[in-house]
Amino acid sequence: MRREAAGEWRGWREATEEALYGPSGFYRRPEGPAGHFRTSVHASPLFAGAVARLLCRVDAALGRPDVLDFVDMAAGRGELVTGVLAALPAEVASRARGYAVERAGRPAGLDDRIAWLTEPPKGITGLLFANEWLDNVPVDVAEADPDGVPRLVLVRGDGAERLGEAVTGAEAEWLERWWWPGARLARTPAPGAGQVPTPPQGAPFPQGAHAAPEEPPAPAEGARAEIGLPRDIAWASAVSALDRGLAVAVDYAHFAGGRPLFGTLTGFREGRETVPVPDGSCDITAHVALDACALPGGRVTTQRAALRALDVTGARPPLALASTDPAAYVRALAGAGAAAELTAPGGLGDFGWLLQPVGLPEVLPDTPAGESALLRGALLVDVPDDEEQ
């Protein structure tokens, strides 16, 4: 009997791990992810073409090494790595080496040039690209009790939930730093905390100086959060495989100051969002705190800005082309529609791109002027080289 069928209560991280990647897990199914949801890779070959252009920029910044690596994380059935290798100019393609990293088995008919691995190879020189990988790295879920204390949410195989023990340790520290500043379980006041300072003789008391520093409010009862620490660790491990190059994570994202009140845990089945049930019947996913994942030197922007920098604009072809070359006009119009889907506000264009260079200068320009306030504010994150993680 499978463990969840026995009605065992577990944290969402453990339950999701088995439901997605266990022997009968969702990602072991023969139809693969494309049978249930549409990613940028499946939306249009323009996406693979843009990633190929990014790989060419990385190649140039690296000085055109003898071997150029491209690593496709969470490769599904190898659609992205296949498309990227096919879109490369001949000179670059002759030096390129493709890797697909996926826990499911190698699909039949995949190009023999593509290595199929369960984890990224070490010593990468090139581009590591993770499209919608981190959202499927399982995480535990916390919920605030009536006292504002975060407690682990436990789940059964049928999706029923109850609250478990209080969140402690590194997970509690992550919650306090990245999601709920007022939710630390045990606070030890610093020496002198809460005491009224005495100003130097003759100096006026600054307004408000008599009050103790204000504590952040505790989360309201029922508020939920996904504890993203496993994703931070997974991303750091993937980046460590790079000797030189660029790592990119593309995903649904949220950022400090704008975390969703009740979290984002959800399920997908046959193209539709559904209640997440950890029985292997659906995808289980949650948006990613990309600002928490970012390592020193990392930068987060939107897919819209990144793809525009890679010449995917969604601009309509000139109408004059319809009279001079109707077939080319129709092709260009179809391409503009696909590009518009990839860059659409409120859709794929709002995905976050975390750009993490390793021994490499910037290969994408800064966000263009005129981007939305959302991008310039909450969504654009720079992590200084000297910031502690």
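Mentor: Let us begin with helix α3, where the buried residues are Phe47, Ala48, Gly49, Ala50, Val51, Ala52, Leu54, Leu55, Val58 and Asp59. Please keep in mind that the model is a predicted one. The helix α3 covers residues 45-61, which makes 17 residues. From its first C-alpha to its last, α3 reaches 25 Å, close to the 24 Å expected at 1.5 Å a residue. Just after α3 comes Gly63, with a positive phi of about 85°.

The aromatic rings form the next topic. A pair of aromatic rings is described by the distance of the centres and the angle of the planes. The reasoning rests on the angle, because planes under 30 degrees apart count as stacked, over 60 as edge-to-face and the rest as tilted.

The pair of Tyr252 and Phe351 links distant parts of the chain, as the two residues are 99 residues apart. Tyr252 belongs to the loop between β10 (242-251) and β11 (266-269), while Phe351 belongs to the loop between α11 (326-342) and β15 (352-358). With a relative accessible area of 27%, Tyr252 is partly exposed. Phe351, by contrast, has a relative accessible area of 4% and is therefore buried.

To return to Tyr21, ring pairs link this residue with Phe26 and Tyr27 into a cluster. The ring of Tyr21 also has the charged end of Arg103 over it, 4.3 Å from the ring centre. An arginine lies over the face of Trp179 as well, namely Arg259, at 5.9 Å from the ring centre.

Finally, the protein as a whole. Its secondary structure comes to 12 helices and 16 strands. The protein has 389 residues, of which 50% count as buried. Among contacts between residues at least 6 apart in sequence, 75% join residues at least 24 apart. The accessible surface of the protein comes to about 18300 Å², and 55% of this surface belongs to carbon and sulfur atoms.

Terms used
Residues numbered from 1 in each chain as written. Predicted model: local features only at pLDDT ≥ 70, side-chain atom pairs only at ≥ 80, totals over all residues. Heavy atoms only, no water. Helix = DSSP H or I, 4+ residues; strand = E, 2+ residues; numbered from the N terminus. Buried < 20%, exposed > 50% of the residue type's maximum accessible area, 1.4 Å probe, protein only. Phe/Tyr/Trp six-rings, centres within 6.5 Å; stacked < 30°, edge-to-face > 60°. Lys NZ or Arg CZ within 6 Å of the ring centre and 35° of its normal. Expected span 1.5 Å × (residues − 1). Contact = heavy atoms within 4.5 Å. Areas by Shrake-Rupley, 256 points an atom, 1.4 Å probe, with all protein chains shown as cover.
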